[in-house]
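I opened this entry to look up the ligand site first, then the fold and the core. My notes follow in the order I checked things.

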Amino acid sequence: MTAPAQAELLATACRLGRDKFLARAPAYDREGRFPTENYADLRDAGFLGLVIPARYGGLGVDYKGYMEISAELGRWCGATALTFNMHCATMLWSSQMADDLEMAGEQRALHESRRAGIYRKVIEDGAIFAQPFSEPNSAAAAGRAPFGTTARKVKGGWLVNGRKHFASLAGAADFYGVLCTEAKENGEADVKDTIYLAVDGVSEGFTISGEWDVLGMRATSSNNLGLVDVFVPDEHQLMPRGGYYQAARNWPHMFMTLCPTYMGIAQAAFDFTCQYLRGEVEGGPPAGSARHSPAKQLAVAEMRIKLEQARALFQCAIAEAGVNPAKDTRLRAYAAQYTVMEFANDICRLALRTCGGRAIFRNLRLEQLYRDSRCGALMLPWTPEICMERLGWESLFEAGES
Ligand SMILES: Cc1cc2nc3c(=O)[nH]c(=O)nc-3n(C[C@H](O)[C@H](O)[C@H](O)COP(=O)(O)OP(=O)(O)OC[C@H]3O[C@@H](n4cnc5c(N)ncnc54)[C@H](O)[C@@H]3O)c2cc1C
C-alpha cells in the first residue's frame, strides 16, 4: 500500500470516529449496546475488507497500517476498535500471517481456495467475524494448555464441542473464529493440534448466553458461547492444521493487535485533558485559573511523556513486526504491549486527577475512557503479567535452556 493511500484510510478512520462514533459512544456505553450503527459506517467505507488483500477485493492494508488505523478508531470509540480488531485479526491471521507460514504446496493451495471463500463472505455479503479463543480455563488462552473446546473430524467437516467466554461481537457477528483442539481417538490433547474454525452463528447447537453488564468496554457484547455438536464444513477452516501453533510461535506480534485500541484511548484522555483545562469541553467548566497552575502543568507534562513513551515503543514494535523476529524484536513487542496497556490506564488516572472533581460527571467522556482503559490489562494472551514473565525468562534463558 502506498503512503498516500494509507494516509487517506487514516483520514477516513478519523472522520468516521470524530463525526459519528464519538457522539454515539455515551449511549452505547450507558445501555451496554453493541455499536451496530458504527459497523454500518465501517461497512460502507469498505473497512470490513481493510486487511483483506486487494486481489480478493479488500483494501490490502498490512499489519502496521492496520495497527495505526485501529489506534485512530480507538481514539473515538474504544468498544468499536476492540471488537473490530477481532474481525480484522481473523482476516490478518488467515491472510498475511498465513502467507509467512511454512506449508506444503498442496496445503497452501487448499488454504488459498478456502480463504477466498471466507473473504467473499466479507466483501460480497458484509459478513463480520468474531474471534473467541478465551475459555473458563484461562491457561489455554494464555498459551499454556490445549484449548478445551474440541473439534472432531467427520465427513465433510468438523464437530465442535465446548464453551467460550468473553466472545466480543456475540450476537452481532455472522461467524465466530473458534480455536479448538483436534479430538483424537486416544483422547490426547496437544496444542500442536489447534484447529481454527469459522462457526456460523446460525448453526444448530450454537448458543449465546450471559449478561454483559460490566465496568468498562460495555458496548463489546462479550458474552458466552456454547457449542454442542456444532457442524463446521471443511471450507470454514480458517488456517490449515498446525497453522495457529506455528503462527503463535513464529509471528508473535499477532497477539499485539489489541494494543492500538488502548493507544487510542490514551491519546483521547490526553486530548480531553488539554481541552478541558482550556475550557473547550462542551459541558465542562469555562477556562479559569486551572491551566496556570504549575501542578496541573506538571501533571499534563507527565501524561505527555507517558504518551510519547508508549507511542514510540508501539510504533517501533509494529514497524519491525514479522515472521521469526530476532530475540530483541520479540522482547520489544512484550515491552510495547505492557507499556501501552499499563500507561493507557495510568494516563486516564492522571487525567481524572488533573481535571478534577467536575470531570467525573457522566456527561463528560473522561470517566468512560477511564473505565474502558482498565480493561486493556485483562486481555490474554499478553496481559502485563504474562509480558513481564516472558521478558524476564527470555532475557535470562536461551531457547532450549531450562
Ligand atoms: C472487554 C473484553 C473483551 C474481550 N474480548 C475477547 C474476545 O473477543 N475473544 C477472546 O478470546 N477473549 C476476549 N476477552 C477475554 C480476555 O482475553 C481474557 O481471556 C479474560 O479477560 C480473562 O479473564 P479471567 O477471569 O479468566 O482472568 P484470568 O485468566 O484469571 O486472569 C487474571 C490474571 O492472571 C494472569 N494469568 C492468567 N493465566 C495465566 C497464566 N497461565 N500464566 C500467568 N499468568 C496468568 C493474567 O495476567 C491475568 O491478568 C475479552 C476481555 C475483555 C475484558
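Which residues come nearest to the ligand? I noted first that this is a predicted model. I then listed the 23 residues around the ligand and found that Ser134, Ser138, Phe166, Ser168 and Thr383 come nearest.

I sorted that shell by element. Two or more residues each come from α6 (138-141), β3 (157-167) and α12 (384-396). The most come from α6, which gives three.

I got 14 nonpolar residues, seven polar and two charged.

Why does the ligand lie between two domains? I found that domain 2 (130-240) and domain 3 (251-396) both give residues to the shell, so the ligand lies between them.

Next I looked at the whole chain. I read off twelve helices and seven strands. The C-alpha trace spans about 75 × 50 × 40 Å along its principal axes. For 402 residues I would expect a radius of gyration near 21 Å from a compact globule, and the chain agrees, with 21 Å. I took contacts between residues at least 6 apart in sequence and found that 77% of them join residues at least 24 apart.

Last, I checked burial. Buried residues are 46% of the 402 in the chain. The largest nonpolar core has 120 residues, and those touching the most other members are Val160, Leu197, Val199, Ala266, Ala269 and Val340. As a general note, nonpolar side chains tend to be buried together in soluble globular proteins.

Methods: Residues are numbered from 1 along each chain as its sequence is written. This is a predicted model: local features need pLDDT of at least 70, side-chain atom pairs count only at pLDDT 80 or more; totals for chains, interfaces and linings use all residues. A nonpolar core is a set of buried Ala, Val, Leu, Ile, Met, Phe, Trp, Tyr and Cys residues joined through C-beta atoms within 7 Å. A residue is buried if 20 or more other C-beta atoms lie within 10 Å of its own, exposed if 12 or fewer, and partly exposed in between; C-beta atoms are placed from the backbone. A residue is near a molecule or strand if its C-beta atom, placed from the backbone, lies within 6 Å of it. Helices (H or I, at least four residues) and strands (E, at least two) are DSSP runs, numbered from the N terminus. Ala, Val, Leu, Ile, Met, Phe, Trp, Tyr, Cys and Pro count as nonpolar, Asp, Glu, Lys and Arg as charged, and the others, Gly among them, as polar. Domain bounds come from an automatic or database domain assignment. The radius of gyration is taken over C-alpha atoms; the globule rule is 2.2 Å times the number of residues to the power 0.38. Two residues are in contact if their C-beta atoms, placed from the backbone, lie within 7 Å.
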